[in-house]
Amino acid sequence: MKKIIVLIVLVSLVLPIFARADLTEDEVPVFSADDYLIDPPSSDVFALEEETAAAILIEADSGEVLFEVNPDERLPIASVTKVMTLLLIMEALDEGRISLSDTVAVSEYAASMGGSQAFMEQGEKMTVNDMLKAISVSSCNDAAVAMAEHLAGSESEFVSQMNKRASELGMTSTEFVNCTGLDDREMHYSSARDVALMSRALLSHPKIFEYTTIWMDSIRDGKFGLANTNKLIRFYEGANGLKTGSTSKARYCLTASAERDGMMLCAVVLGAPTSAKRFSAARSLLDYGFANFSVYRPKLEKVNEVKVVGGKAKSVKCHTSDSSVLLPKSEKNKVEEVVELPKQLKAPVKKGDVIGKVKYVSGDKTLLEKDIVASADVKKAGFFDIFKDIWSHVLYGK
């Protein structure tokens with residue numbers, strides 16, 4: 001009884017504030033008690049095969065798969081489609097083709113979108129920044145189509161770009177027919193693995209977190225409220241994205257990202273029977289990943305410079321490229337660094353020259369092997385350089 005009273009109070013507080021913003025993404029928006037279950041019990045990750053149509057968990061940096069259930073089954077993904085829409089927008093921003101302050105005009109077609117929407121009107125103008133808020137936070141279909149038209153001239157041309165980018169990312173089980181995910185045709189599908197691939201690509205754009213981590217905000221100078229459809233943003237430690245989706249065909253879907261202790265995970269859940277189940281399943285996947293794995297980021301610790309013979313400098317600093325290794329937590333403290341490096345180099349040395357190797361091993365298993373490269377140029381010493389060195393040694397003993 002107490003839970004029912006709390007639920008009624010919560011609904012009565014939220015609905016008046018966001019009366020015009022759909023908190024679900026169904027083609028025919030509905031409110032149910034399930035939409036407000038923000039902390040359902042967590043289920044066993046190994047029971048997800050019975051609770052979802054498909055699921056996958058990856059480590060975002062490496063893309064390594066930590067757990068999967070039917071990862072390649074082709075399924076409708078509802079508004080999770082907007083991960084690709086957002087990716088193309090972020091790439092356009094990075095390339096300077098658009099800016100956050102640009103004004104986007106809403107067409108009659110964009111304004112006609114159903115489902116989750118900001119109730120945009122034909123001819124209305126809104127900045128790219130506010131469009132991103134509307135898409136990322138409340139999954140507004142009208143905003144997604146308006147941005148598609150702004151970037152490509154038409155939604156159909158934008159969809160062609162979506163499919164081209166999907167192919168480039170290696171998404172072999174995906175076909176987009178719109179930029180929203182609405183169930184308007186049969187041939188709009190993806191898979192848990194493919195959703196993870198495009199999610200990983202979007203997660204590589206740090207700017208997106210400024211939008212996907214918003215819990216509540218507004219557009220139109222505060223006149224239209226936005227509430228995040230991803231309840232994990234507020235109720236799961238480290239959650240920073242990414243996108244929900246639900247339609248009658250797709251049921252409840254989610255791609256959820258979270259970061260803890262320098263490790264970013266992404267959990268994809270497709271075809272859950274209820275909204276609460278998708279969040280519970282995603283949380284179970286993320287919990288499993290954080291409980292059992294960690295990221296080891298190797299550093300060159302045993303040597304940081306090498307002696308140079310016959311050069312203008314006596315030594316050269318060295319380094320390795322940045323990388324990481326995903327490990328079971330039990331192995332993180334067992335990693336050893338094995339350096340293969342000559343005692344000295346002969347000038348000249350060029351910046352970027354490979355001068356050795358370093359291996360990171362655990363027992364008899366090599367986890368990672370990286371080149372050690374010179375961090376600077378060392379030119380060959382001339383006559384006056386050699387004379388200067390000899391004179392310095394005679395006078396100062398150096």
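Hi everyone, this is a short walk through the structure shown above.

First, some ground rules: this is a predicted model, where local features need pLDDT of at least 70 and side-chain atom pairs count only at pLDDT 80 or more, while totals for chains, interfaces and linings use all residues. Residues are numbered from 1 along each chain as its sequence is written, and side-chain values use heavy atoms, with hydrogens and water left out.

Let's start with confidence. pLDDT is the predictor's confidence in each residue, from 0 to 100. The chain averages 86, and 84% of the residues score at least 70. Over residues 1-24, though, the pLDDT is below 50, and it stays under 50 over residues 26-42 as well.

Now the overall build. The chain has 12 helices and 17 strands; these are DSSP runs numbered from the N terminus, with helices being H or I of at least four residues and strands E of at least two. Of the 398 residues, 53% count as buried, where buried means under 20% relative accessible area with a 1.4 Å probe, protein chains only.

So what is the strand order in the open sheet of 6 strands? The order is β14-β16-β17-β12-β11-β15, with mixed pairing. Two strands pair if DSSP finds at least two bridges between them. At the edges sit β14 (336-340) and β15 (344-346), each pairing on one side only. Inside the sheet, β16 (residues 354-362) and β17 (residues 365-374) run antiparallel over 8 bridges. If you'd like a pair to find on screen, V361 has T366 in β17 as its bridge partner.

On to the nonpolar cores, meaning sets of buried Ala, Val, Leu, Ile, Met, Phe, Trp, Tyr and Cys residues joined through side-chain atoms within 4.5 Å. The largest has 69 residues, and those with the most contacts inside it are M84, M131, M147, F176 and M198. Helix α3 (residues 82-94) gives the largest share, 9 residues. Apart from this core lies another, of 30 residues, among them A55, A258, L285 and L286.

Let's zoom in on M131. Leaving aside residues up to four places away in sequence, M131 touches V104, V106, M120, M126, A143, A146 and M147, a contact being heavy atoms within 4.5 Å.

One last stop: is G115 buried or exposed? G115 is buried, with a relative accessible area of 4%. You'll find G115 in the loop between α4 (108-111) and β4 (125-127). G115 and N141 are 26 residues apart in sequence, and 6.9 Å apart in space, C-alpha to C-alpha.

Thanks, everyone!

Conventions:
Buried < 20%, exposed > 50% of the residue type's maximum accessible area, 1.4 Å probe, protein only.
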